Amino acid sequence: MRDQDCLFCKIIAGEIPSTKVYEDEWVYAFRDINPQAPVHVLVVPKEHICCTDAVDGSNSQYVAKCFEAVAKIAKAEGLENGYRVINNCGADGGQTVMHLHFHILGGVKLGEKMI
Ligand code: 5GP
Ligand code: ZN
């Protein structure tokens with residue numbers, strides 16, 4: 001189910017353009033508009049789930065499918081030396097778009113500090 005006011009729901013529906021890198025029945029993935037690394041892909045479930053805090057037994061299969069997609073995308077993007085997957089949750093977590101998403105960052109040796 002989509003949220004009419006949600007930016008990522010609009011991107012999934014093709015109402016706002018994006019650079020798609022992967023899509024299946026469960027997941028849509030596209031390049032971040034403001035990349036923080038040479039490879040910066042956003043992996044989003046096709047179901048509107050606001051955030052990690054809303055994940056439960058009724059929707060966690062979307063999370064599993066997102067991570068299956070992460071592994072496929074990383075291979076396709078040539079990230080054989082590794083990469084980082086980030087999820088920001090809520091205001092204190094720095095989440096700005098309230099549709100669950102996982103950032104894949106790679107293509108460079110990332111710093112060892114998490115924050
Ligand atoms: P958050 O801060 O919520 O974890 O991440 C949201 C991400 O969405 C940011 O990295 C931001 O650059 C990206 N973003 C925001 N609006 C758009 C957009 O219209 N298109 C794309 N491709 N990325 C966007
Ligand atoms: Zn949404």
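Reader: Which element gives the most to the shell around ligand 1?

Author: Helices (H or I, at least four residues) and strands (E, at least two) are DSSP runs, numbered from the N terminus. Here α1 gives the most, with three residues. Both α1 (7-12) and β2 (27-31) supply at least two residues of this shell.

Reader: What should I know about the model and its numbering?

Author: This is a predicted model: local features need pLDDT of at least 70, side-chain atom pairs count only at pLDDT 80 or more, and totals for chains, interfaces and linings use all residues. Residues are numbered from 1 along each chain as its sequence is written, chains are lettered from A and ligands numbered from 1 in the order in which they are written, and side-chain values use heavy atoms, with hydrogens and water left out.

Reader: How many residues surround ligand 1?

Author: A residue is near a molecule if one of its heavy atoms lies within 4 Å of it. For ligand 1, 16 residues do so, and the closest are R31, D32, N88, T96 and H103.

Reader: Which polar side-chain atom lies 2.8 Å from an oxygen atom of ligand 1?

Author: A polar contact is a pair of N or O atoms within 3.5 Å. That side-chain atom belongs to H103. T96 uses a backbone N or O atom, 2.7 Å from an oxygen atom of ligand 1. A polar backbone atom of R31 is 2.9 Å from a nitrogen atom of the ligand. The protein covers 82% of the 520 Å² of accessible area that ligand 1 has on its own (Shrake-Rupley method, 1.4 Å probe).

Reader: Where is empty space left?

Author: Rolling a probe the size of a water molecule over the atoms shows that. A pocket is an open set of points on a 1 Å grid over the protein atoms alone, where a 1.4 Å probe fits, with protein on both sides within 12 Å along at least five of seven lines; lining residues have an atom within 4 Å of a point. The largest pocket is lined by 18 residues, with F8, I11, F30, I33 and L42 nearest its centre. Ligand 1 takes the space of this largest pocket (more than half of its atoms lie within 2 Å of the grid points).

Methods:
A polar contact is a pair of N or O atoms within 3.5 Å; within protein, one must be able to donate a hydrogen and the other to accept it, and residues adjacent in sequence count only if both atoms are side-chain atoms.
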